[in-house]
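Hi everyone, thanks for making time for this. Please have a look at the structure on the screen, and I'll walk you through a few of its details.

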Amino acid sequence: MFKLLPLNLGIRAHDLTSHSPRELVEKINQLGLSHIQFAPQKAFPKLLELDKMTLGTAAYFGRYFQKNDIDLSILGCYINISSENVQVRQQALATFKHQLSLCPAYQAKMIATETGSIAVGYTTRNFTEEAYQIARTSIIEMVETAEHFGVTVAIEAGINHPIHTYQLAKRLVEEVASPNLKLILDCANLIHKDNHEKQEYLVKQALETLDPYLAAIHLKDYQFENNQITMVPVGQGCLDFRPIIHYLKYTRPLLYATLEATPESVAVQAREQLQVLYQES
């Protein structure tokens with residue numbers, strides 16, 4: 001069976017340079033990819049404003065992608081749902097819930113975000129119980145709306161965010177306890193200067209721990225130089241993708257896997273490297 005099932009690989013639309021839906025679709029097809037993560041305002045910043053999008057707008061994109069055999073796997077709406085500024089947080093949640101309500105028209109499989117920051121920019125306060133609780137409260141509100149529309153909300157952990165470890169991600173989904181809440185795992189997002197030498201253990205534990213809750217995998221690489229972590233495209237850093245690819249082939253075949261931080265100039269190279277790993281796995 002495994003030899004017959006392909007690597008279900010996509011890319012973020014805004015990592016490609018395109019000025020129209022037609023150009024975007026042509027590039028995705030040329031790259032040999034099957035789906036996209038689509039953040040409308042990032043893909044077409046001069047064309048679209050999130051708060052002005054309608055059911056008709058969403059339906060147009062949904063039909064267009066489907067007609068061209070491209071799944072809209074993830075509707076990206078990455079906002080700050082953890083700001084301690086109540087007004088900022090409420091506006092972010094309103095934007096998210098508006099996009100969430102359009103998910104069925106987009107024919108999107110899920111809508112995703114990270115958890116942001118309790119303050120403006122990075123702060124170590126993001127690693128506190130207070131920050132976790134703010135994020136959790138926002139996510140509960142988002143999921144309640146998602147249940148009404150029959151939509152899946154996918155939360156992505158990030159190293160500097162209130163949800164910054166796979167353990168906290170697991171705690172979150174178990175506490176919210178809704179079938180409409182899932183997770184996106186980006187292993188590079190969980191690596192910092194103090195744990196990168198243990199990446200093999202980290203990746204293994206993250207995959208095993210979060211497996212029941214995963215709706216998608218993000219794929220990007222990282223470099224460690226001058227005591228700092230820098231994110232780079234697949235194949236240009238030191239992340240070992242073999243266990244991730246093995247997981248995608250044997251444990252969760254056809255799970256959505258999305259290239260991230262991958263400009264179109266290196267997208268073919270990244271895809272080919274992953275395909276080789278997939279065939280050899």
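Let's begin with Glu 175, which is partly exposed at a relative accessible area of 33%. For that word, buried means under 20% relative accessible area, exposed means over 50%, and partly exposed is in between, using a 1.4 Å probe and protein chains only. Before I go on, a note on the source: this is a predicted model, where local features need pLDDT of at least 70 and side-chain atom pairs count only at pLDDT 80 or more, while totals for chains, interfaces and linings use all residues. Residues are numbered from 1 along each chain as its sequence is written, and side-chain values use heavy atoms, with hydrogens and water left out.

So what does the side chain of Glu 175 meet in a salt bridge? The partner is Arg 171, at 2.8 Å from N to O. By salt bridge I mean a side-chain nitrogen of Lys or Arg within 4 Å of a carboxyl oxygen of Asp or Glu. In general, side chains of opposite charge can pair when their charged atoms come close. Glu 175 and Arg 171 are four residues apart in helix H6, residues 166–176, so about one helical turn separates them. Helices (H or I, at least four residues) and strands (E, at least two) are DSSP runs, numbered from the N terminus. Arg 171 is partly exposed too, with a relative accessible area of 28%.

Now turn to helix H1, residues 21–31, where Glu 26 and Arg 22 are four residues apart and thus separated by about one helical turn. Their side chains form a salt bridge of 3.3 Å, N to O. Are these two residues buried or exposed? Glu 26 is partly exposed at 37% relative accessibility, whereas Arg 22 is exposed, with a relative accessible area of 58%.

Another salt bridge joins Arg 252 and Asp 211, again at 3.3 Å from N to O. This pair links distant parts of the chain, 41 residues apart: Arg 252 is in the loop between helix H8 (242–251) and strand E10 (256–259), and Asp 211 is in the loop between helix H7 (199–210) and strand E7 (214–219). Arg 252 is partly exposed, with a relative accessible area of 23%, and Asp 211 is partly exposed at 22%. Elsewhere, salt bridges that share partners connect Arg 12, Asp 15, Asp 186, Lys 220 and Glu 260 in one network. How many salt bridges does a search of the whole structure find? The search finds 20.

Helix H5, residues 129–149, packs with H6 at an angle of about 45°, with the axes 11 Å apart. Axes here are lines fitted to C-alpha atoms, for helices over the stretch in contact, and angles run from 0 to 180 degrees between N-to-C directions. H5 and H6 are therefore oblique to each other; angles under 35 degrees count as roughly parallel, over 145 as roughly antiparallel, 65 to 115 as roughly perpendicular, and the rest as oblique. On the H5 side, residues including Tyr 132, Arg 136 and Ile 140 make the contact (heavy atoms within 4.5 Å).

A second pair is helix H3, residues 55–67, and helix H4, residues 86–106, which pack at an angle of about 40° with their axes 8 Å apart. That makes H3 oblique to H4. Leu 55, Ala 58, Ala 59, Phe 61 and Gly 62 of H3 meet Ser 101, Leu 102, Ala 105 and Tyr 106 of H4.

Finally, a few loop residues. Gln 107 sits in the loop between H4 and strand E4 (111–113), and has a positive phi of about 60° although it is not a glycine. Leu 254 is not a glycine either, yet has a positive phi of about 70°; its place is in the loop between H8 and E10. Leu 254 is partly exposed at 38% relative accessibility, and Gln 107 is partly exposed at 34%.
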